[in-house]
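Here is a short report on one protein chain. Keep the sequence and the 3D view open while reading.

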Amino acid sequence: MFLDHLATDIEHLERLNELLGNGHISESGVDGCERMRPLTQLLMTPSVDLGQLAEQHQRDMPYLIQYFVNGLARDAASCSDLSSYLLFTSNYTRALIDLGYNDASQRIDEIESFLYSPDEWKASRPERRN
């Protein structure tokens with residue numbers, strides 16, 4: 001559910017960058033307004049479907065929550081997606097932490113390049129005003 005919103009946010013950012021690049025939006029701040037500049041994004045999504053991961057841990061949820069989730073969801077996929085937001089058992093959260101750590105480890109060079117690139121650093125520095 002939240003990953004869909006993330007994709008929309010990325011599309012919005014790309015559109016704003018395009019408008020800035022084409023000159024349809026000015027980068028300079030006017031009358032005390034904040035200056036706009038193109039931003040680079042690094043999208044990281046889980047390598048595993050979180051709904052499927054939640055489904056593996058659904059039996060760990062208290063019975064009443066399982067009953068509630070099963071009553072709201074129309075199919076197994078919807079049920080597991082909803083469970084992925086309501087499931088806060090230690091086994092599930094540990095699996096999420098491990099997944100995030102492993103996913104980040106697989107892309108560590110890309111992450112470090114994004115965070116420490118001199119070009120990104122220069123672009124992210126605020127403009128000094130005297």
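**Whole chain**

This is a predicted model. The chain has seven helices and zero strands. Along the sequence the pattern reads α-α-α-α-α-α-α. Of the 130 residues, 20% are buried. The exposed surface comes to about 10,200 Å². Carbon and sulfur atoms supply 53% of that area. Take the contacts between residues at least 6 apart in sequence: 62% of them join residues at least 24 apart.

**Helices α2 and α5**

Helix α2 covers residues 50-57, and helix α5 covers residues 90-106. Their axes come within 9 Å and cross at roughly 145 degrees. The crossing is right-handed. On the α2 side, the contact uses Leu 50, Leu 53, Ala 54 and His 57. On the α5 side, Asn 91, Tyr 92, Ala 95, Leu 96 and Leu 99 meet them. Seven of the contact residues are nonpolar, two are polar and none is charged.

**The core**

The largest nonpolar core has nine residues. They are Leu 53, Ala 54, Met 61, Val 69, Cys 79, Leu 87, Tyr 92, Ala 95 and Leu 99. Helix α5 gives the most, with three. In soluble globular proteins, nonpolar side chains tend to be buried together.

**Single residues**

| Residue | Residues touched |
|---|---|
| His 57 | Leu 87, Asn 91, Tyr 92 and Ala 95 |
| Tyr 92 | Leu 50, Leu 53, Ala 54, His 57, Ser 84 and Leu 87 |
| Ile 10 | Gln 41 and Leu 43 |

Tyr 92 belongs to the largest nonpolar core.

Is His 57 buried or exposed? His 57 sits in helix α2. Its relative accessible area is 15%, under the 20% cut-off, so His 57 counts as buried.

Ile 10 lies in helix α1, which spans residues 2-21. Ile 10 has 15% relative accessibility and therefore also counts as buried. How far is the C-alpha atom of Ile 10 from that of Leu 42? The two atoms are separated by 9.5 Å, although the residues are 32 apart along the chain.

Terms used. Residues are numbered from 1 along each chain as its sequence is written. This is a predicted model: local features need pLDDT of at least 70, side-chain atom pairs count only at pLDDT 80 or more; totals for chains, interfaces and linings use all residues. Side-chain values use heavy atoms; hydrogens and water are left out. Axes are lines fitted to C-alpha atoms, for helices over the stretch in contact, and angles run from 0 to 180 degrees between N-to-C directions. Helices (H or I, at least four residues) and strands (E, at least two) are DSSP runs, numbered from the N terminus. A crossing is left-handed if the near helix is turned anticlockwise from the far one by less than a right angle, and right-handed if clockwise. Contact means heavy atoms within 4.5 Å. Ala, Val, Leu, Ile, Met, Phe, Trp, Tyr, Cys and Pro count as nonpolar, Asp, Glu, Lys and Arg as charged, and the others, Gly among them, as polar. Buried means under 20% relative accessible area, exposed over 50%, partly exposed in between (1.4 Å probe, protein chains only). A nonpolar core is a set of buried Ala, Val, Leu, Ile, Met, Phe, Trp, Tyr and Cys residues joined through side-chain atoms within 4.5 Å. Accessible areas come from the Shrake-Rupley method with a 1.4 Å probe; for residues, only the protein chains shown count as cover. Lists of a residue's contacts leave out its neighbours within four places in sequence.
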